[in-house]
Amino acid sequence: MCSSEPLYQVYNRCTLRRERNLSRRRISSDTSLNDEASLEELTRGTLRNMRMLWCELPEVIQSGILDLMNSDDRKRQEAMFEVITSEASYIRSLNILMLHFLSSDDLSPGSSLCVLERGQSHVLFSNISAIKSVSESFLQALRVRQKEALVMSSISDIILEYATKYFEVYVKYCSNQIYQDRALKNLRKSVRFVDAVEKLQSSKKAQGLTLQSFLVLPMQRITRLPLLVNAICHRCEAGSDEYIKTDRALAAINKIVNDCNEGARKMERMEEICVLQTQIEFKTKPLALATPSRYLLRRGDLMHVVEDSRNPLKRLRPKFKPMYMFLFNDLLLLVKKKSENRFVVLDYATRNMTQVDEPQEWDVSIHEHMFSLVLLENSESKTKEFLMAGNSETDKTRWMEAFKPPAAEQEGETVYASWDCPQVNALHNYSAQQPDELSLYEGDVINVLKKLRMDGITERDYVMELRLVSCQSHRGNTQ
């Protein structure tokens with residue numbers, strides 16, 4: 001089956017294009033596609049030229065079973081069959097990564113012509129061999145089930161078994177991503193490496209695809225599986241034994257994806273805080289910045305509003321001093337920015353000893369976008385008050401929410417639980433500008449945790465198709 005399926009990159013690209021087109025059609029018509037239209041899209045859309053469908057199998061056509069099945073039953077078979085065919089595509093791409101790239105004389109650590117050091121090879125390819133082994137075993141189990149009957153009864157038990165026993169290999173690979181990205185970036189400075197990779201990529205075996213497109217395969221696959229299992233769940237009768245089994249399998253897959261998220265986040269946060277420790281200088285009582293549980297929530301420029309309470313006239317014309325803040329999950333640093341990557345700490349407080357609030361009414365007239373910040377116990381064990389001003393009302397709100405994430409308080413504001421939130425697809429790439437923002441790639445699936453009326457901003461969970469997706473919604477509500 002592997003050799004007859006397209007490479008996983010092709011499958012993934014075509015699937016995202018189909019989903020985007022369906023989403024745009026829903027938006028333009030403001031109505032959902034009915035069941036018959038959805039089935040027509042499945043059997044005649046872009047997927048037809050991409051992979052074999054269950055209804056196109058010769059044995060299925062010859063049996064006449066299609067004339068006896070209703071729309072939902074056919075869709076359920078197609079959903080289960082897509083898990084199998086897409087896994088075959090995935091393995092085909094993994095084989096090229098392993099046999100064409102990793103085993104080549106240029107990239108194999110045991111070769112005298114290898115352009116990589118052994119440590120570089122380990123970081124770049126990580127535990128890809130273990131992932132390929134698990135994937136082959138997973139596909140074999142699925143294929144055995146498929147051959148048992150023309151109409152598959154279920155594959156949820158197989159998915160559950162592999163998610164709970166074997167898919168932990170994905171957590172290790174995804175956790176290594178930040179180091180993999182950095183290694184690849186540094187290696188691109190080597191002429192020998194670039195020449196070797198370009199030679200391998202130009203081969204017919206690579207089908208014009210880049211090494212990086214093969215390296216991200218495990219992230220793409222493990223984050224795609226929840227969507228595929230969710231599609232099966234949707235075609236099961238609610239409350240039935242099969243629905244419960246599939247829902248349990250979906251929960252197990254989501255746990256793996258969440259573990260991948262957390263593993264990558266932990267490594268990324270550790271890397272970030274280690275870099276910050278070299279950039280931040282303490283003029284006050286020093287403290288250890290890098291701790292295993294600490295991570296950055298938000299950073300940025302603000303204005304410190306300095307008032308002269310002794311002179312009423314000067315009080316109306318306060319001074320504005322630039323200040324930079326680092327807010328960690330357990331610590332706040334008020335710093336002076338010496339250069340782009342050098343900071344001097346002016347004061348600090350643990351996060352649980354800080355308070356933020358709206359300013360007094362007379363303060364609002366001085367400057368817009370202001371908020372009150374109180375250090376209940378600062379670096380000198382004293383209480384200190386600051387009047388801060390953000391760059392905009394949005395900036396102010398995001399700072400205040402970073403200190404104390406709010407519940408729904410405004411009319412029209414909606415807060416979702418992570419297990420029951422709607423989802424959206426990213427239509428364009430976006431690079432994060434702040435630690436509390438997400439870098440998005442076209443096709444990423446995003447959980448919407450809260451909808452705000454102000455500025456149309458949406459807060460989003462970390463659900464990246466290429467970079468650690470978390471598909472937690474059982475509703476699969478793509479908007």
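A note on the source: I am working from a predicted model, in which local features need pLDDT of at least 70 and side-chain atom pairs count only at pLDDT 80 or more, while totals for chains, interfaces and linings use all residues. Residues are numbered from 1 along each chain as its sequence is written, and side-chain values use heavy atoms, with hydrogens and water left out.

Entry on the whole chain. I find 16 helices and 12 strands, taken as DSSP runs numbered from the N terminus (H or I with at least four residues for helices, E with at least two for strands). Of the contacts with a separation of 6 or more, 66% join residues 24 or more positions apart, a contact being heavy atoms within 4.5 Å. The accessible surface is about 23,900 Å², and carbon and sulfur atoms hold 49% of that area, as given by the Shrake-Rupley method with a 1.4 Å probe, where for residues only the protein chains shown count as cover.

Entry on helix H4. I checked the length of H4 (residues 71-102), whose 32 residues should span 46 Å at 1.5 Å a residue, and the end C-alpha atoms, 44 Å apart, agree with this; the expected span is 1.5 Å times one less than the number of residues. Of the 32 residues of H4, 26 are buried, which leaves the helix mostly covered. At its N-terminal end I note a cap by asparagine 70, with a side-chain oxygen 3.2 Å from the backbone nitrogen of aspartate 72.

Entry on salt bridges. A search of the whole structure gave me 18 salt bridges, each a side-chain nitrogen of Lys or Arg within 4 Å of a carboxyl oxygen of Asp or Glu. One of them joins arginine 145 and aspartate 157 at 2.9 Å, N to O; because arginine 145 lies in helix H6 and aspartate 157 in helix H7, the pair ties together parts 12 residues apart in sequence. Arginine 145 is buried at 17% relative accessibility, whereas aspartate 157 is partly exposed at 33%.

I then looked at glutamate 358 and lysine 396, whose closest N and O atoms are 2.7 Å apart in a salt bridge. Glutamate 358 lies in the loop between strand S6 and helix H15 and lysine 396 in helix H16, so this pair ties together parts 38 residues apart in sequence. Here lysine 396 is buried at 7%, and glutamate 358 is partly exposed at 45%. I also recorded a network of salt bridges that links Arg76, Glu242 and Lys245.

Entry on two loop residues. Is serine 379 buried or exposed? I find it buried, at 13% relative accessibility, in the loop between strands S7 (370-375) and S8 (384-389). Its side chain makes a polar contact of 2.8 Å with that of aspartate 347, a polar contact being a pair of N or O atoms within 3.5 Å, where within protein one must be able to donate a hydrogen and the other to accept it, and residues adjacent in sequence count only if both atoms are side-chain atoms. Arginine 188, in the loop between helices H9 (177-187) and H10 (191-201), is partly exposed at 47%.

Notes. Buried < 20%, exposed > 50% of the residue type's maximum accessible area, 1.4 Å probe, protein only.
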